[in-house]
Amino acid sequence: MLRGWLRRFIALALLVIGLCFPAVGFADKPVVDIYFVYSETCPHCQVVKKEILPDIMKKYGDQINLMPVDLSDREGFAIALVLETLYKVPEEQAGIPEIFIANSVLIGSTAADSLKTSTSSFTDVSPSRWS
């Protein structure tokens, strides 16, 4: 029991550290971290998961670091709360899907269309401009 709790705490701590202090690399092309918070029962989430993300991954490949966060999983729910806190998402605006990309949050049914344009703008610029 204690080991499970400790693993979850360490995972959340590493996530917070990773979000607060992103790694600096010397890649030929910028790499964009995308946290995709979803639910298997959400129809808008399924559109993003099955129609939008595969096209984006195909187009940008190794320029995208996709991290799906499933809300039905206890750890996924905790990670979503940490992301909402770090990105200062007001409680009344929180919803799904939520897509955290660079310093932006895309929420709800319009997230799919916004993700298409956001991804291209973030992969075309230097990561130092994202902060």
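Helix α3 has 13 residues, and at 1.5 Å a residue it should span 18 Å; its end C-alpha atoms lie 19 Å apart, which agrees. The model is a predicted one.

**Helix α3**
- Among the residues of α3, Gly76, Ala80, Val82, Leu83 and Glu84 are buried.
- An α-helix has 3.6 residues a turn, so residues three or four places apart point the same way.
- Just after α3 comes Lys88, whose phi is positive, at about 55 degrees.

**Glu84**
- Glu84 belongs to helix α3, which covers residues 74-86.
- Although Glu84 is buried, it has no salt bridge.
- The nearest side chain of opposite charge to Glu84 is that of Lys88, 14 Å away.
- Leaving aside residues up to four places away in sequence, Glu84 touches Val89, Ala94, Glu98 and Phe100.

- Strand β3 (residues 98-101) and strand β4 (residues 104-107) run antiparallel and are joined by 4 bridges.
- Phe100, one of the residues that Glu84 touches, has Val105 in β4 as its bridge partner.
- Between the two strands of this hairpin there are 2 residues, and Ala102 takes a positive phi near 55 degrees.

**Aromatic pairs**
- The structure contains 2 aromatic pairs.
- One of them is formed by Phe36 and Tyr38; this pair is stacked, with 5.1 Å centre to centre and 15 degrees between the planes.
- Both Phe36 and Tyr38 are buried.

How values were computed:
Residues numbered from 1 in each chain as written. Predicted model: local features only at pLDDT ≥ 70, side-chain atom pairs only at ≥ 80, totals over all residues. Heavy atoms only, no water. Buried < 20%, exposed > 50% of the residue type's maximum accessible area, 1.4 Å probe, protein only. Lys, Arg positive; Asp, Glu negative; His and termini not counted. Salt bridge = Lys/Arg side-chain N within 4 Å of Asp/Glu carboxyl O. Contact = heavy atoms within 4.5 Å. Phe/Tyr/Trp six-rings, centres within 6.5 Å; stacked < 30°, edge-to-face > 60°. Pairing = 2+ DSSP bridges. Expected span 1.5 Å × (residues − 1).
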